[in-house]
Amino acid sequence: MPELPEVETVKRGLAPVMEGSRIRRAELRRPDLRFPFPPAFAEKLEGRRVTSLGRRAKYLLIDLEGGDVVIAHLGMSGSFRVEGADAVEAPGDFHMPRSKDTRHDHVVFHLETPEGERRVVYNDPRRFGFMDLAKREDIAAHAFFRDLGAEPTGNTLDADYIAAKFRGRQTPLKAALLDQKNIAGLGNIYVCEALWRSHLSPERHAGTLVTAAGKPKTELLALTEAIRQVIADAIEAGGSTLRDHIRADGSLGYFQHSFSAYDRAGEPCRTPGCGGTIGRIVQSGRSTFYCADCQK
Ligand SMILES: [Zn+2]
């Protein structure tokens with residue numbers, strides 16, 4: 001499943017093509033993805049200029065002139081690609097490796113850009129992705145967004161913010177970090193990585209990182225820095241799934257070598273001087289990878 005850095009990378013890849021361009025035609029090749037398209041979706045997009053591309057958690061936000069916003073979610077296997085008049089183009093250095101099976105091309109935005117006609121194609125073999133339409137002024141109160149916590153890329157996320165969320169909580173750290181009401185867009189991979197980097201056990205209770213007075217302990221300062229850094233590193237690397245191979249079924253694989261804990265069960269821990277082995281446990285139905293020797 002694409003995580004926040006992948007969606008941010010898709011946004012950065014599409015922005016140069018889409019921003020300022022006009023949607024000449026929106027071609028829907030089926031009535032639905034995970035959910036039906038909103039009523040008159042194609043008609044509402046046609047002729048509209050894209051004013052900006054944004055992201056909130058794992059949602060891509062395509063702002064249109066007139067105040068509407070297309071909300072797009074990539075689900076499990078969704079990807080975008082850009083096609084020119086003659087050839088397929090990668091949007092900048094960042095693009096999602098795509099299913100080459102055009103049967104899974106479900107939405108095509110035909111764009112008029114300063115460089116000529118372009119097609120932005122949404123491909124999604126498993127169809128867990130979806131698109132919706134909302135008014136810009138309604139976005140903050142929208143059901144997708146109103147309960148979301150701070151972005152790990154924004155200035156809101158600091159140790160004091162997390163301390164307020166974790167204070168008195170007996171929830172395991174893994175679950176507390178995956179809770180989108182605390183931090184928006186943080187998924188399984190980067191939670192594992194951040195806990196490994198900050199030497200904290202995923203089973204430790206979240207409240208143990210906060211003093212009785214509600215202040216962050218030193219360990220929470222380290223965790224906060226690790227969260228911000230793993231996300232920043234992944235965005236800088238162009239998103240961990242982006243450079244990877246496409247599996248036979250067209251779904252995206254993960255670029256596993258870039259991770260220190262995630263999916264490394266049985267392999268040596270990379271913490272200098274540790275000598276431990278990465279283990280795997282299941283928490284809330286999800287795999288957690290961590291080193292019991294150096295993560296306490
Ligand atoms: Zn270790």
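## Close-up views of a predicted model

In the UniProt record, an unreviewed entry, the feature "active site" is placed at Pro2, Glu3, Lys58 and Arg286. UniProt positions follow the numbering used here, feature names are shortened, and annotations may be inferred rather than shown by experiment. This is a predicted model, in which local features need pLDDT of at least 70 and side-chain atom pairs count only at pLDDT 80 or more, while totals for chains, interfaces and linings use all residues. Residues are numbered from 1 along each chain as its sequence is written, and side-chain values use heavy atoms, with hydrogens and water left out.

**View 1. The whole protein, to get your bearings.** The protein has 6 helices and 11 strands; helices (H or I, at least four residues) and strands (E, at least two) are DSSP runs, numbered from the N terminus. Of its 296 residues, 55% are buried, where buried means under 20% relative accessible area, exposed over 50%, and partly exposed in between (1.4 Å probe, protein chains only). Among the contacts with a separation of 6 or more, 66% join residues 24 or more positions apart; a contact means heavy atoms within 4.5 Å. The accessible surface comes to about 13100 Å², and carbon and sulfur atoms hold 49% of that area. Areas come from the Shrake-Rupley method with a 1.4 Å probe, and for residues only the protein chains shown count as cover.

**View 2. Pro2 and Lys58, two of the positions that UniProt lists as "active site".** Pro2 is found in the segment before helix H1 (4-18) and is buried, with a relative accessible area of 4%. Lys58 sits in the loop between strand E2 (50-56) and strand E3 (59-64), and it counts as buried at 15% relative accessibility. Not counting residues up to four places away in sequence, Lys58 touches Met1, Pro2, Glu3, Leu4, Val7, Ala72, His73 and Gly185.

**View 3. Helix H1 and the glycine that follows.** H1 has 15 residues and reaches 20 Å from its first C-alpha to its last, close to the 21 Å expected at 1.5 Å a residue. That expected span is 1.5 Å times one less than the number of residues. Because 13 of its 15 residues are buried, H1 is largely enclosed by the rest of the structure. Gly20 follows H1 and has a positive phi, near 85°.

View 4. All 5 of the 5 residues of strand E5 (residues 79-83) are buried, so the strand is largely enclosed by the rest of the structure. Ser79, Arg81 and Glu83 point one way from E5, and Phe80 and Val82 the other way. In a regular strand the side chains alternate between the two faces of the sheet. E5 pairs with strand E8 (residues 116-123) in the antiparallel sense over 5 bridges; two strands pair if DSSP finds at least two bridges between them.

**View 5. The largest nonpolar core.** This core has 40 residues, and those with the most contacts inside it are Leu177, Leu223 and Ile227. Helix H3 (159-166), helix H4 (173-178), helix H5 (188-197), helix H6 (218-236) and strand E11 (286-291) each supply at least two of its residues. H6 gives the largest share, 8 residues. A nonpolar core is a set of buried Ala, Val, Leu, Ile, Met, Phe, Trp, Tyr and Cys residues joined through side-chain atoms within 4.5 Å. Leaving aside neighbours within four places in sequence, Leu223 is in contact with Leu173, Leu177, Ala194, Leu195, Ser198, Leu200 and Leu209. Apart from this core lies another, of 30 residues, among them Leu14, Phe37, Ala42 and Leu133.

**View 6. Helix H5 in its surroundings.** H5 is mostly covered, with 9 of its 10 residues buried; Tyr190, Cys192 and Trp196 are among them. The buried residues of H5 pack against H1, H4, H6, strand E10 (278-283) and E11.

View 7. Most residues other than glycine have a negative phi, and most peptide bonds are trans. His199 follows H5, in the loop between H5 and H6.
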